[in-house]
Amino acid sequence: MSVPPSEPRIPAPPGEIFAPERLDISRRSAWVLVVIFLLFIGLPPLFQDFREWNKGEAGWLPSREFTKAVSGSETPDLTIEQRLRAFDSGIARLDFTKAPRQWSQQVVTAILQRGNDRTFPGRDGWLFYRPELQALTGYGPVVPEPHSVSRDPALLDWAPPLEPIRDFAASLKERGVALWLVPAPMKPSIYPEKLSGVISQGPVRHRDAAKFHELLANTGLRVVDPAQW
């Protein structure tokens with residue numbers, strides 16, 4: 001019986017070719033960096049505590065609110081995730097977070113031409129609301145959005161709008177009231193050239209907009225699109 005020849009083994013590269021990178025700093029430098037980091041993240045909330053202390057219970061003290069969020073003393077019916085999300089929303093509204101956030105966003109927008117999760121920079125200094133762009137380019141009102149494991153579980157599940165509108169129109173019709181749907185034109189739909197630089201001959205609509213309007217019209221509901229005027 002013949003033995004198949006064994007495949008040649010590729011020798012591993014010498015260790016010095018892929019030598020691990022290592023950065024050594026002194027203990028003193030490490031402590032200095034740690035202290036700077038702690039001051040950077042700790043001083044602004046402490047400063048806010050001093051500012052709000054004189055307001056009593058009306059003041060929003062980060063240290064006190066964080067303690068409430070962790071302990072759940074005032075909102076025991078909420079999970080710790082919900083309490084921490086509420087605390088994070090409160091922090092985002094404070095003055096000491098607005099100035100750095102606005103400054104960093106101005107730098108990112110001016111140099112990198114990047115927006116954020118709500119704003120998309122266009123041409124000639126125009127700004128667009130990112131959810132409006134997603135509404136024009138996403139799945140739309142007809143095709144359901146597929147499930148994704150990467151979706152934030154705190155977000156509400158997407159629900160098709162067709163059936164609720166139909167039910168509402170039928171309920172009004174029983175009372176002798178006709179329902180008219182007037183979709184408000186969105187900024188990127190009317191001014192697409194400020195996004196792409198290409199002049200459009202008409203308003204930009206979602207690819208399923210005509211089908212959606214047709215489905216509504218078949219139920220007796222009248223659709224008036226002001227973008228056509």
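Predicted model: local features only at pLDDT ≥ 70, side-chain atom pairs only at ≥ 80, totals over all residues.

Visitor: What makes Arg205 and Asp225 a salt bridge?
Guide: The closest N and O atoms of Arg205 and Asp225 are 3.0 Å apart, and the rule asks for a side-chain nitrogen of Lys or Arg within 4 Å of a carboxyl oxygen of Asp or Glu, so the pair qualifies. Arg205 lies in the loop between helix H8 (193–196) and H9, while Asp225 lies in the segment after strand E4 (222–223), so that the pair ties together parts 20 residues apart in sequence.

Visitor: Why is Asp225 called buried?
Guide: Its relative accessible area is 11%, and buried means under 20%, so Asp225 belongs in that class.

Visitor: How do you know that Glu65 and Lys68 meet in a salt bridge?
Guide: Their side chains come to 3.8 Å, N to O, and since the cut-off is within 4 Å, this pair is counted. Glu65 and Lys68 are three residues apart in helix H2 (residues 62–71), which means that about one helical turn separates them.

Visitor: Are Lys68 and Glu74 buried or exposed?
Guide: Lys68 is buried, because its relative accessible area is 18% and the limit is under 20%, whereas Glu74 is exposed, because its value is 56% and exposed means over 50%.

Visitor: Why does Val35 count as partly exposed?
Guide: Val35, which is found in helix H1 (residues 27–53), has 42% relative accessibility and so counts as partly exposed. Val35 is also one of the residues of a nonpolar surface patch, whose members together have about 1200 Å² of accessible area.

Visitor: And what lines the largest pocket?
Guide: The lining consists of 31 residues, with Pro131, Gln134, Ala135, Leu136 and Gly140 nearest the centre, and by class it has 18 nonpolar, six polar and seven charged residues. Helix H5 gives the most to this lining, with five residues.

Methods: Residues numbered from 1 in each chain as written. Heavy atoms only, no water. 1 Å grid on protein atoms, 1.4 Å probe; cavity = no way out; pocket = protein on both sides within 12 Å on 5 of 7 lines; lining within 4 Å. Helix = DSSP H or I, 4+ residues; strand = E, 2+ residues; numbered from the N terminus. Nonpolar A, V, L, I, M, F, W, Y, C, P; charged D, E, K, R; others polar. Patch = residues over 30% accessible without salt bridge, like charges linked within 9 Å, V, L, I, M, F, W, Y side chains within 5 Å. Areas by Shrake-Rupley, 256 points an atom, 1.4 Å probe, with all protein chains shown as cover. Buried < 20%, exposed > 50% of the residue type's maximum accessible area, 1.4 Å probe, protein only.
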